[in-house]
Amino acid sequence: MKTLVTYMTQTGNTKKIAEAIYETISGDKEIKPLNEVESLENYGFTFIGFPIHQMGPPQIASKFIETKAKNRKIALFVTHATPLGTPFIEPLVGKCKECADESDMVGIYNCQGVLAQQVADMLLKVDNPRLQQFGKMRDATVGHPNEQEVENARNFAKEIMEKL
Ligand SMILES: Cc1cc2nc3c(=O)[nH]c(=O)nc-3n(C[C@H](O)[C@H](O)[C@H](O)COP(=O)(O)O)c2cc1C
């Protein structure tokens, strides 16, 4: 059965990881944006990627996982502005995991993605201190996902395919 890599992206970070995963997997495969996926009927396995928006998955992504991906084997890949190794990562990843049944979720990958300048400018103007904080940390996100993070995503894809 075909493997699907599907993703949503606003500024390209998650797409970069999606393409690395797609290039790594072998066999019958397809890559396409999440909003173009009607159904997962024709796929044996799906990698689903999205950026973190406001401390969790964007609603489009969580709805997709809860409805179209229900009772299907999936792996998630997620990009976010939060640096790895900080205590804020676990709750973010936890919120992503909550979207699917544990038995359907084969694995989850996450890495940092640059906060686009225009997004940082926009967040700095929002009347929400938490979002303003993200706007301020743009400098620490420049260059991500970097080569190592792309390589880690490839290794993640390999490990997932071996598990199936
Ligand atoms: C509206 C908005 C809210 C965001 N909120 C968060 C957040 O709560 N935590 C975080 O780590 N990153 C947050 N980010 C940063 C993105 O998750 C990060 O830049 C991601 O890599 C973007 O992926 P993309 O280029 O595929 O759209 C936010 C970005 C936007 C646009």
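Biologist: In which loop is the place of Pro145?
Modeller: Start with the elements: helices (H or I, at least four residues) and strands (E, at least two) are DSSP runs, numbered from the N terminus. Helix H5 covers 129–136, and helix H6 covers 147–163. Pro145 sits in the loop between H5 and H6.

Biologist: What pLDDT do local features need here?
Modeller: Residues are numbered from 1 along each chain as its sequence is written, and side-chain values use heavy atoms, leaving out hydrogens and water. This is a predicted model, in which totals for chains, interfaces and linings use all residues, side-chain atom pairs count only at pLDDT 80 or more, and local features need pLDDT of at least 70.

Biologist: Is the peptide bond from His144 to Pro145 cis or trans?
Modeller: Most peptide bonds are trans. For the bond from His144 to Pro145, look at omega, which is near -5°. That bond is cis.

Biologist: Is Met55 buried, partly exposed or exposed?
Modeller: Most residues other than glycine have a negative phi. Met55, in the loop between E3 and H2, has a positive phi of about 70° although it is not a glycine. The cut-offs are relative accessible areas: buried is under 20%, exposed over 50%, partly exposed in between (1.4 Å probe, protein chains only). Met55 has 28%, so it is partly exposed.

Biologist: And how does Asn71 count, buried or exposed?
Modeller: Asn71 lies in the loop between H2 and E4. Its phi is also positive, near 60°. Its relative accessibility is 60%, so Asn71 counts as exposed.

Biologist: Which residues have the most contacts inside the largest nonpolar core?
Modeller: A nonpolar core is a set of buried Ala, Val, Leu, Ile, Met, Phe, Trp, Tyr and Cys residues joined through side-chain atoms within 4.5 Å. The largest one has 21 residues.

Biologist: How many residues are in the second core?
Modeller: The second core is separate. It includes Val5, Phe45, Cys111 and Val150. Its residue count is 19.

Biologist: Which residues does Leu40 touch?
Modeller: Contact means heavy atoms within 4.5 Å. Residues up to four places away in sequence are not counted. Leu40 then touches Leu4, Thr46, Phe64, Lys68, Ala69 and Arg72.

Biologist: How are H1 and H6 oriented to each other?
Modeller: Axes are lines fitted to C-alpha atoms, for helices over the stretch in contact, and angles run from 0 to 180 degrees between N-to-C directions. H1 (13–24) and H6 pack at about 45°, with axes 8 Å apart. Angles under 35 degrees count as roughly parallel, over 145 as roughly antiparallel, 65 to 115 as roughly perpendicular and the rest as oblique. H1 and H6 are therefore oblique.

Biologist: How do the residues of the contact of H1 with H6 divide?
Modeller: H1 brings Lys16, Ile17, Ala20, Ile21, Glu23 and Thr24, and H6 brings residues including Val150, Ala153 and Phe156. Ala, Val, Leu, Ile, Met, Phe, Trp, Tyr, Cys and Pro count as nonpolar, Asp, Glu, Lys and Arg as charged, and the others, Gly among them, as polar. The contact divides into seven nonpolar, one polar and five charged.

Biologist: Which residues in H5 meet H4?
Modeller: The axes of H4 (117–125) and H5 cross at roughly 145° and come within 7 Å. H4 contributes Ala120, Leu123 and Leu124. Their partners in H5 are Leu131, Gln132, Phe134, Gly135 and Lys136.

Biologist: Which residues does Phe134 touch, not counting residues up to four places away in sequence?
Modeller: Phe134 is in helix H5. At 19% relative accessibility, Phe134 counts as buried. It touches Met55, Ala81, Thr82, Leu115 and Leu123.

Biologist: How many Å apart are Tyr22 and Ala157 in space, C-alpha to C-alpha?
Modeller: Tyr22 lies in H1 and is partly exposed at 25%. In sequence, Tyr22 and Ala157 are 135 residues apart. In space, C-alpha to C-alpha, the separation is 8.3 Å.
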